[in-house]
Protein chains: 2
Amino acid sequence: MKVYLDCLPCFMRQALDAARMATHDPVAQRDVLDRVAKLLPMVPIDATPIDMGQIVHRLVREVTGVADPYARVKKESNDLGLKLYPRLKQRVRMSEDPLLTALKIAGAGNIIDFGPKLAMDANGSIEGVLNDSFTQALRGTLDQDQYNAFKERLAASEEVLYLGDNAGEIVCDRILIEELVKRGKEVIFVVRGAPAINDVTLADARYVGMERLATVVTNGSDAPGTRLSDCSPQFIEAFESAQLIISKGQGNFEGLSDTPRPIFFLFKVKCPVIAREIGARIGAVVLKEQVLEEVAK
Amino acid sequence: MKVYLDCLPCFMRQALDAARMATHDPVAQRDVLDRVAKLLPMVPIDATPIDMGQIVHRLVREVTGVADPYARVKKESNDLGLKLYPRLKQRVRMSEDPLLTALKIAGAGNIIDFGPKLAMDANGSIEGVLNDSFTQALRGTLDQDQYNAFKERLAASEEVLYLGDNAGEIVCDRILIEELVKRGKEVIFVVRGAPAINDVTLADARYVGMERLATVVTNGSDAPGTRLSDCSPQFIEAFESAQLIISKGQGNFEGLSDTPRPIFFLFKVKCPVIAREIGARIGAVVLKEQVLEEVAK
């Protein structure tokens, strides 16, 4: 997916959010903004939003000297996810269709995304926003055709390559992955190679016990989404040979929306640009199969 | 009021909105964004938001060659105001305290501001948003102490200098000014010297019949707010000698919040930066007397 003009002001806003996460020094915050502003005119029109996101968030780390500005909120999110885990598992267990419920929970968990700035309420709390997202998703529906296509592809696959997105959300991913494992699937869970906003890294996967369920691998990149040109050969190999890829979140969608692979995108729509691109409203949880023919054009 | 770091991404967003009002050409829109991005690192920390707003919107007009990008929405807003005028007048007439009701209507009308991007609903309609703003304001209260201070100052003044803000809103201003005139006050209504976002100019004042009620003068400036250093000597003279100044909107507040004159600010809070600055929530209609001692520090 190509960058929209709307993304340019948003990079400035993201840079300011990230700078504030990293430092209380207004001079350093301003320095970050100025450097991002100078970079914006150089963004080529065929860049993807995560190409630019990678540059912006590297710059924040470089200017502030803080290697992982979102470390604190990532830990908070993971702890919150683990706290809610028993209740969410109960919902899946009591459900008529546990796989569908687990998909909805994993999609709803994608609200914990510090890119588009919707993950916290006015009091800085993630929990209320997350609970609203669960309530909405569990009451709502997923597209039935997409869900049928997903079940069909899953039945035909022995292995699932699962592209993780955010901390906290990873506990919801664990719930979905437990359903996949229960159905005899081998799961490879992919994390970022280094901190990128509040995206999951190896440390988060360990923290929430993902390694007991799935093979956890990194993609070798610090882009806030899957930028194939930036990923490790090991990841590319797994990606090229995968029978089914579950791609979580907007960032992975931005990087892979034009890639002809057997991907199901699962995410919560959180910005007007993505809403326009995918034809859904902000707040919707979307499960969407990659349309290979369309991409092949 | 000094520029906040949050204003910098917002200037980019405003520039994009304005560029889209002026042209459908994405290359010109991108050109505007790139030029604004290059300017942002040069914004001094003691600039006011309207210093920068003036530069941004001049740049949009220069790059696109469109002298008044908001001409169409200004006309639409004025027509909408005139359509609603009889109903609003009726509310004032039926009211126990017509002056208070007229103040609330004038404050609520300040929602028609194309700077902060809240003036239209998802369907591009202003009317629904404006009606909600009236309902909210008429049900709500103004600060009683501020209102008492306003009435006291008004009683002691023969003349009122009224700094207008947006098209459409100007019809609500007319309703308040009719109450002032009824109380024997002479009113000077001030418009911008040239187009600035959707702010009122002489043409708008004529269009809504303001000249039949008040002496209409321009401030000689194309800043989207009152930037005294940019105003005409005639305006400065009227401003310096005024007994009571009613300053409508965020832009006039941004320019005058540190100026020791007998000003009552009247506006709807529409952005988080102003909300923080003034200690009110977004959506509130605020009537606030200039605190001269505080400013004098």
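Guide: In chain B, α5(B) passes α8(B) in a left-handed crossing. A crossing is called left-handed if the near helix is turned anticlockwise from the far one by less than a right angle, and right-handed if it is turned clockwise. The model is predicted, so local features need pLDDT of at least 70 and side-chain atom pairs count only at pLDDT 80 or more, while totals for chains, interfaces and linings use all residues. Residues are numbered from 1 along each chain as its sequence is written, and chains are lettered from A, with ligands numbered from 1, in the order in which they are written. Helices (H or I, at least four residues) and strands (E, at least two) are DSSP runs, numbered from the N terminus.

Two packed helices are described by the angle between their axes and the distance between the axes. For α5 (residues 98-108) and α8 (residues 169-182) of chain B, the angle is about 160 degrees and the axes are 8 Å apart. Axes are lines fitted to C-alpha atoms, for helices over the stretch in contact, and angles run from 0 to 180 degrees between N-to-C directions. α5(B) and α8(B) are therefore roughly antiparallel to each other; the classes are roughly parallel under 35 degrees, roughly antiparallel over 145, roughly perpendicular from 65 to 115, and oblique for the rest. On the α5(B) side the contact consists of B:P98, B:L99, B:A102, B:L103, B:I105 and B:A106, which meet B:C172, B:D173, B:I175, B:L176 and B:E179 of α8(B). Two residues are in contact if their C-beta atoms, placed from the backbone, lie within 7 Å. By class, this contact of α5(B) with α8(B) has 9 nonpolar, no polar and 2 charged residues. Ala, Val, Leu, Ile, Met, Phe, Trp, Tyr, Cys and Pro count as nonpolar, Asp, Glu, Lys and Arg as charged, and the others, Gly among them, as polar.

Next is the pair α1(B) and α3 (residues 49-64) of chain B, packed at about 30 degrees with axes 10 Å apart. That makes α1(B) roughly parallel to α3(B). Here α1(B) passes α3(B) in a right-handed crossing. α1(B) contributes B:C7, B:F11, B:Q14, B:A15, B:A18, B:A19 and B:A22, and α3(B) contributes B:P49, B:M52, B:V56, B:H57, B:V60 and B:T64. The contact of α1(B) with α3(B) has 10 nonpolar, 3 polar and no charged residues.

In chain A, the axes of α1(A) and α2 (residues 26-39) come within 9 Å and cross at roughly 155 degrees. α1(A) and α2(A) are therefore roughly antiparallel to each other, and their crossing is right-handed. A:F11, A:M12, A:A15, A:L16, A:A19 and A:R20 of α1(A) meet A:A28, A:Q29, A:V32, A:L33, A:V36 and A:A37 of α2(A). They divide into 10 nonpolar, 1 polar and 1 charged.

Now the domains. Chain A is divided into domain 1 (7-64) and domain 2 (71-296), with bounds from an automatic or database domain assignment. Their C-alpha centres lie 25 Å apart. 12 residues of domain 1 of chain A are in contact with 14 residues of domain 2 of chain A. On the domain 1 side, α1 (7-22) and α3 (49-64) of chain A each supply at least two residues, and the largest share, 7 residues, comes from α3(A). That side divides into 3 nonpolar, 5 polar and 4 charged residues.

Last, the two chains. 16 residues of chain B are in contact with 16 residues of chain A. The elements giving two or more residues to the chain B side are α1 (7-22) and α2 (26-39), and α2(B) gives the largest share, 7 residues. By class, the chain B side has 10 nonpolar, 1 polar and 5 charged residues. A rotation of 180 degrees with 0.0 Å of shift along its axis superposes chain B on chain A, with RMSD 0.0 Å. That is the relation of a two-fold axis. The same surface serves both copies, as 100% of the contact residues of chain B recur in chain A. Copies are superposed by least squares on the C-alpha atoms of residues with pLDDT of at least 70 in both.
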